Amino acid sequence: MRLNGDIGWLRDWLAAAGLEPRALGEAAVECALKRRLHAAGCAAAAYPAMLAADAEERARLLEAVLVPETWFFREPPAFEALAESAARHRLERRTGPFRVLSLGCSTGEEPWSIVIALREAGLEKGDVRVEALDISARAIEAASVGIYGGRSFRNPGDGTWRSRYFDEIGHGRYRVQDGLRGDVEFRVAHLGGAGWGDGSRRYHAVFCRNVLIYLKADLRARIIGRCREALDPGGLLVLGHADGIGGLDRGFRRHGAAGAFSWIRQDAAEAEIPPVPPSRPVPIKAARRDALAGAKPSGPDLPSGAKEAARAAPSDDVATLSTARALADGGDYTAAERLCLGYLASHPHDPEVHALLGIVMSAANREDEALKYFRQALYLAPTHGESLLHMAALHERRGDEERARHFRNRSAAGEGGQ
């Protein structure tokens, strides 16, 4: 379907909704508009009037623009930081459940991962309360139903915990078991609107991942402020790897492993919380046992699909890269880099290993090297989606919006070439 004209009105409309059109990517915005015109059977010239008169169509257009991309235990170090925070909550003998807010929860993989991570760490039913918000009514409905296919399970070792919390229903799909459902409340809410962050409800942790990058600077700043207001003193804030964090140090301090992208709410009267080594979070069961005994907590690491995969010796090329990715997800960048470089020596033309090295370098804050590897991955595979998105994020982080937009547009359009 042809648009037949300027869509500046749409960029203005998105900006009024608090979204940053440049961050969304022009190609992605145009594609979303074409999909809605086709679905609504509406001519381009008549669509602005339809949009102004129809609240449901406005919601559908936002859903089309904000295409969800999520999976279970995305960026695993974040969930280890969460488990550590929950362990500290128990050690301090705080009353009530451990409360977590998941902002921009999409189709539910994140809030369900939160509950599963805390169950794996030893919390029981009723010990945790997760509130999950998203602007999309359709995404919230899907999250509530809780049925997922293969793209939602992308980490090596997901099968080790999936059978404990999901029922297989055939055709490669899995449904969240009833035993988890009482721990999560899903709600439709605009991050810029009412219903959260007004101080009426406090949380021990807030997840706001891969959302801020799409928002205008003023709304981004307001949401960070509201996250702080929503957190208990000492509470945990988790952002995504691509979210802008400029100026975020006001009221927060960095916390945990580099791959966790987490901060702690800092208050003037707050006593400095001694850091816990991020690679060895304290399991809740051990924390509960040791707290009762008045002893210093100790115990094995959290069960982790990534770590289990990392412990397995690679038997072929695919296993080698899977193991390297698992090591990177677990924050062991040195071991991941070593494994990748060994693989690269015999597979110099494999774009996957170049992309994975780029991810490792990016997570280790070695941005120049990350850019080099992502460029090589795109030279070998011009439409490599993961590399395009990471290139966009890296340039965004460096303040080079023009280059960031270039790679986002290529990612959205599936274009090739440099």
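Tutor: Contact here means heavy atoms within 4.5 Å. Keep that in mind for Lys 125.

Start with its place in the chain. Lys 125 sits in the loop that runs between α7 (109-120) and β2 (128-134). Is Lys 125 buried or exposed? Exposed means over 50% relative accessible area. Lys 125 has 52% relative accessibility, so it counts as exposed.

Now its partners. Set aside the neighbours within four places in sequence. Lys 125 is then in contact with Arg 119, Asp 178, Gly 179, Gly 182 and Asp 183. Take Asp 183 from that list. Along the chain, Lys 125 and Asp 183 are 58 residues apart, yet 7.0 Å separates their C-alpha atoms.

The largest nonpolar core has 39 residues. Leu 14, Leu 103, Val 206, Cys 208, Ile 223, Cys 227 and Leu 237 touch the most other members. Several elements each supply at least two residues of this core, including α1 (8-16), β1 (98-103), β7 (203-208) and β8 (231-239). The largest share, five residues, comes from α11.

Beyond residues up to four places away in sequence, Leu 14 touches Leu 19, Pro 21, Leu 24, Val 29, Leu 62 and Val 65. There is also a second, separate core, with 38 residues. Phe 79, Ala 86, Phe 153 and Tyr 165 are among them.

What about the cysteines? The structure holds zero disulfides. Buried means under 20% relative accessible area. Cys 42 is at 10% relative accessibility, so it counts as buried. Cys 340 is buried because its relative accessible area is 0%.

Last, confidence. The mean pLDDT of the protein is 79, and 81% of its residues reach 70 or more. Strand β5 (residues 173-176) is where confidence is highest, at 97. Helix α12 (residues 284-293) is where confidence is lowest, at a mean of 39. Over residues 271-315 the pLDDT is below 50. Beyond near neighbours in sequence, that stretch has 78 contacts in the model. Where pLDDT is low, the predicted coordinates should not be read in detail.

Key. Residues numbered from 1 in each chain as written. Predicted model: local features only at pLDDT ≥ 70, side-chain atom pairs only at ≥ 80, totals over all residues. Heavy atoms only, no water. Core = buried A, V, L, I, M, F, W, Y, C linked by side-chain atoms within 4.5 Å. Buried < 20%, exposed > 50% of the residue type's maximum accessible area, 1.4 Å probe, protein only. Helix = DSSP H or I, 4+ residues; strand = E, 2+ residues; numbered from the N terminus. pLDDT = per-residue confidence, 0-100. Disulfide = S-S within 2.5 Å.
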